[in-house]
Amino acid sequence: MSNQKDLSRRDFMKLTGAVGAGSLFSGGRSLAQTTEGGSDAAKEGSTVPTRPFGKTGVQVSTLSLGGMFDIPSNQLLLKQALKWGVTHWDTADCYEGGKSELGIGQFFSKYPETRKQVFLVTKSDDRDSAGMTKLLNRSLERLKTDYVDLYFIHGMSKMSEIGPETKAWAEKAKSDGKIKFFGFSTHSNMEDLMIGASKLGWIDAIMMTYNFRIMHQDKMKAAVDACAKAGIALTAMKTQGGGSVKMESEAELEMAGKFLKAGFNDKQAKLKAVWQNERIANICSQMPNITILMDNIAAALNRTKLSAHDYRLLDRYASETCSSYCAGCAHLCESAVGGDIPVRDVMRCLMYFHTYEERDRARALFAELPESVRDRLDSIDFGAAERTCPQKIRIGQMMREAATILG
């Protein structure tokens with residue numbers, strides 16, 4: 001390995017402060033040439049690295065552009081992401097009420113030559129074949145393309161949601177040239193679904209919650225192992241491990257200082273922790289502005305490995321703040337209260353409100369829950385749910401908070 005200094009956010013900010021982000025690529029200088037040891041960096045390459053995408057035979061960028069933001073109003077961001085090598089783009093039929101797909105279609109209409117550069121992913125909220133066909137055709141029209149590279153069942157939580165009919169549908173969609181690969185995304189009961197999928201023989205890819213909090217747990221390690229052996233491509237999401245509430249942590253303060261001295265911040269360190277597992281093909285990150293995009297790309301380009309001490313810091317932080325993190329095992333807490341309260345969905349709303357500070361999105365998602373659910377949150381006894389929670393989350397307090405600040 002060369003002793004080059006990789007591109008950090010500081011390098012980005014120096015460059016953009018001098019010439020402006022919009023002109024980064026107009027002067028003929030590569031990103032590598034902005035770092036020390038420019039010639040070595042140029043040999044190494046200055047765009048986001050790629051990895052094999054499971055058994056598909058395709059190489060994808062290790063950083064994926066998550067499309068849950070106002071893409072029609074951020075066309076320049078798409079252009080810059082592509083120039084920086086972020087060629088894996090992820091969207092869904094429901095993101096931004098359909099505007100995410102429309103925005104990508106707008107970009108492809110303006111720059112049709114870029115379609116072949118992008119590994120495009122979208123998702124279906126339907127499970128039956130007729131519904132998936134309808135939604136796929138609508139997605140293709142919105143995206144202004146004849147095919148998508150990967151089509152996901154969106155937000156699976158039980159293996160019973162797919163079966164022989166799903167397999168037959170996926171095979172026909174592939175033979176018709178409308179999709180190249182098929183799989184599912186999951187925020188809940190991820191490990192069981194990953195292990196189940198590894199036994200089917202026809203799932204090409206899975207996108208799951210995966211971060212420093214859960215990556216070392218025995219069940220998750222077994223699930224990743226099973227998928228790797230089956231050749232299933234894995235995309236990690238929710239990699240920051242954000243909780244539903246903010247908690248003070250001495251480990252967090254220590255991490256911030258330690259990582260900054262090494263040339264990256266704690267958020268970048270959390271990405272690097274995931275990338276160091278080479279069986280994870282890439283990370284899907286919502287990057288709605290140039291600053292976040294630059295931060296994440298700088299992390300992808302920085303080849304400094306996290307040390308054993310770095311991992312101990314992350315483990316300590318995870319331990320100190322575990323009662324603020326919903327790990328996605330919704331079947332435990334939800335069944336404890338009769339199965340009619342979507343605890344995980346409410347916690348997700350709180351995550352957007354507190355961790356991501358996207359308060360309008362949090363309230364909009366909360367408003368989509370049935371009124372009968374929203375009206376009952378502050379009156380239900382969640383004691384049984386709290387007793388089943390491995391994270392020891394104060395679920396009742398969280399539900400009452402959601403009713404107060406999101407209602």
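Strand E5 (residues 119-124) is mostly covered, with 6 of its 6 residues buried (under 20% relative accessible area with a 1.4 Å probe, protein chains only). The model is predicted: local features need pLDDT of at least 70, side-chain atom pairs count only at pLDDT 80 or more, and totals for chains, interfaces and linings use all residues. Residues are numbered from 1 along each chain as its sequence is written, and side-chain values use heavy atoms, without hydrogens and water. Strands (E, at least two residues) and helices (H or I, at least four) are DSSP runs, numbered from the N terminus.

**Strand E5 and its neighbours**
- On one side of E5, Phe 119, Val 121 and Lys 123 are buried; on the other, Leu 120, Thr 122 and Ser 124 are buried.
- E5 runs parallel to strand E4 (residues 88-90), joined by 3 bridges; strands pair if DSSP finds at least two bridges between them.
- Val 121 in E5 is the bridge partner of Asp 90.
- From E4 the chain crosses through helix H4 (residues 99-110) to E5, in a right-handed β-α-β crossover (with the strands pointing away from the viewer, the path from the first strand over the helix to the second runs clockwise).
- E5 also runs parallel to strand E6 (residues 148-153), over 4 bridges.
- Ser 124 has Ile 153 in E6 as its bridge partner.

**The barrel**
- 8 strands close into a barrel, in the order E3-E4-E5-E6-E7-E8-E9-E10, with parallel pairing.
- Strands E8 (residues 205-209) and E9 (residues 233-237) pair in the parallel sense over 5 bridges.
- Met 208 stands opposite Ala 236 in E9.

Methods: Buried < 20%, exposed > 50% of the residue type's maximum accessible area, 1.4 Å probe, protein only.
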